[in-house]
Amino acid sequence: MLKTFKLGGIHPPENKLSKDKPIEILPIPEKVIIPLGQHIGAPAKILVKKGDSVKVGQLIAEKGGFISANIHSSVSGTVEKIADIKDASGYPKPAIHIKVDGDEWDESIIKDDNLIETISYEKEEIVKRVEAAGIVGLGGATFPTNVKLMPPPGSNSEFLIINAVECEPYLTADHSIMLKRAKEIIVGINIIIKATGVKKAIIGIENNKPDAIKLFENIASTYSNIEVCPLKMKYPQGGEKQLIKATTGREVPSGALPIAVGAIVQNVGTVLAIYEAVQKNKPLFERVVTVTGKKINKPGNYLCRIGTPIGNLIEAAGGLPEDTGKIINGGPMMGKALINTDTPITKGSSGVLLLDIKESKRKEQNDCIRCAKCINVCPMGLEPYLLMSLAENNNLERLEEERIMDCIECGSCSYTCPANRAILDYIRLGKGRTGQMIRNRK
Amino acid sequence: MYFTFLLTIISLCAIGIAAAIILYFVAQKFKVDEDPRIDQVEEALPGANCGGCGFPGCRGMAEACVKAEDLDSLFCPVGGTDTMKDVASILGKEVKEQAPKIAVVRCNGTCENRPRKNTYDGALSCAIQSNLYGGETDCQFGCLGCGDCVSACQFDAIHMGENGLPIVDQDTCVACGACVSACPKDIIELRNKGPKDRRVYVACKNEDKGGIAKKACNTACIGCMKCVKECPFDAITVKNNLSYIDPDKCKLCRKCVAVCPTGAIQAVNFPTPTPKPKPKVSVKKDIDKEKAINKTEKKEE
């Protein structure tokens, strides 16, 4: 019997079109746009000015607070301008525009592919290197990783859980790097074990990736402290709290962080980035992105530089299909529709999904019939229909009582609603307002 | 049988009388002395319970009026100065004359003026749309057109027009401010109703630089400062590339309306038809103007 989380969850069609596609390296674009706010927390502070020449891996913006991350140039060339662009949020944000000229890497980066297994750094040095490399959670939440590697004093970290679930339909970026860079990932896991002092690492993989499960079971068998945990497919298993529940059976209390139950969760892509940062001194300036969609000619996984316009990726995958209705940054469940193809790939972009007009169209919304399907599928045990109507009426005190702040915005409720109600839209609105109210109280 | 009947009635009456006596003394003991003027003031107030005064309902306002030392900071937007005078006479206080106000939509981004660049198909709520992104047009400051203001209005005084913008009904709007707080883009403003309902205001909230603003919307304020230079009363200021006319200083001379190159400044309810700055300018001139705007923008950069 395979493990999974108990409460709620849905089974959307997988649609992993690019599942068997190896990682392709995307040609370096002519111009990259690197936004300054690619992570949760304070935006980075600019270090370059117009006309400066930069190399691949050069620090171009430094972290602007404790929860923030360094940003490095992903190409070599000259800084064309520093101007606002509309990023995935739909609002103009400051960004560094770099005109590409050649591909000259910073000398300190080890460019070869040789596996370096011996970890010759101490705990502090590892965290420092991760911090310098500007690594953030690559699963999509983009929380600065170095903060996660320093558990608060007094907390007892027992497990390192590697999130290799990739429960979003369509996306295969994590799957592809697991197949290609398995050994590096295992070294990366050992690095995190050394940095955090956990006793055991668990790699959670859903059973729709049998090849990856087999591969990792083979490699992990030589390590006594690394265990592979095959999981039964269910969305949103990749959610931090759901994954902890599925792999360890522990439940993170409402409002608490995973460390409260002794767990540290890292995405598998982040683990690879940590390996590269620590062993190869390579900052985070490229990532694997899935470009997919039913109408697209060549769905696949592309290794591309941060700041590459999404249009370039679509071009590489065979061009924009004529009847594209929506371009989504991320997966179909949690991704966000974009307003144009100039939007750059950021550290948190895991996929580009093209939906045709028919697929992307919202169905007509009807009245709630209190069927409670949304309650059944909510992985956090909330009552989405109630939260929606409370949010509509702006009843923030009640929303707080009904624990709206626990919502992980997975969208299971909206997906399952037979009346096609925009439940998550309203919950997000209510969550934002309730959060504001709680912050104002302090 | 008869006796049981009688006993029931008598005992019930006895209990009732005893309870009434106890209740009477309890009521005397815990009596709350309430100023009778609160009821009178509440009577004088319009009873709309709209919350426009900042208090929960007319009763709250009445209590505040009775408690307050002077009525300067209290004002019922629905009843206006007349109601406040009534309230003042009940309380024997003075009240200042306040100019009546009206909600003004400070956006003129109609479908023709502001081309749509993408389509929003989410939940029909401006607040949700504004949470998600900047909107269907390139102007992230303008009206989103989902009608949050319409559903907020208790007086049925604001409606979505055919051009996609809300229209305020001048006769029914009481300036309670419900639409102002409902609008996530903050484009509705309470302004002085003006003599004979005449008003001059900047119908734009775009804070982008001139070139960007102009590209997004034909009637955007580009922050060119022409109105500031023209105004003889120092009523206009430009902040963040956006002009603002102070309604208290404005004398409605309409000189700014004439010089505004984009027609962002609106003059309403004036007897002559609103002078449109460029009724039918040739296309070439338009392009020249745009070039000039772009140039100034480049210089700024």
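**Two helices**

I looked up helix H4 (residues 182-196) of chain A and helix H5 (residues 210-220) of chain A: their axes come within 10 Å and cross at roughly 55 degrees. Axes are lines fitted to C-alpha atoms, for helices over the stretch in contact, and angles run from 0 to 180 degrees between N-to-C directions. Helices (H or I, at least four residues) and strands (E, at least two) are DSSP runs, numbered from the N terminus.

I noted that the model is predicted: local features need pLDDT of at least 70, side-chain atom pairs count only at pLDDT 80 or more, and totals for chains, interfaces and linings use all residues. Residues are numbered from 1 along each chain as its sequence is written, and chains are lettered from A and ligands numbered from 1 in the order in which they are written.

Which residues of H4(A) and H5(A) meet? I found Ala182(A), Lys183(A) and Ile186(A) on the H4(A) side, and Leu215(A), Phe216(A), Ile219(A) and Ala220(A) on the H5(A) side. Contact here means C-beta atoms, placed from the backbone, within 7 Å.

**The sheet**

I traced six strands of chain A in an open sheet, ordered S1-S14-S13-S17-S15-S16, with mixed pairing. Two strands pair if DSSP finds at least two bridges between them. At the edges I found strand S1 (23-25) and strand S16 (336-337) of chain A, each pairing on one side only.

I then checked strand S13 (residues 286-292) and strand S17 (residues 351-356) of chain A, which pair in the parallel sense over three bridges. Thr292(A) has Leu353(A) in S17(A) as its bridge partner. Helix H3 (residues 173-180) of chain A packs on the sheet and touches S1, S13, strand S14 (300-305) and S17 of chain A.

How values were computed: Contact = placed C-beta atoms within 7 Å.
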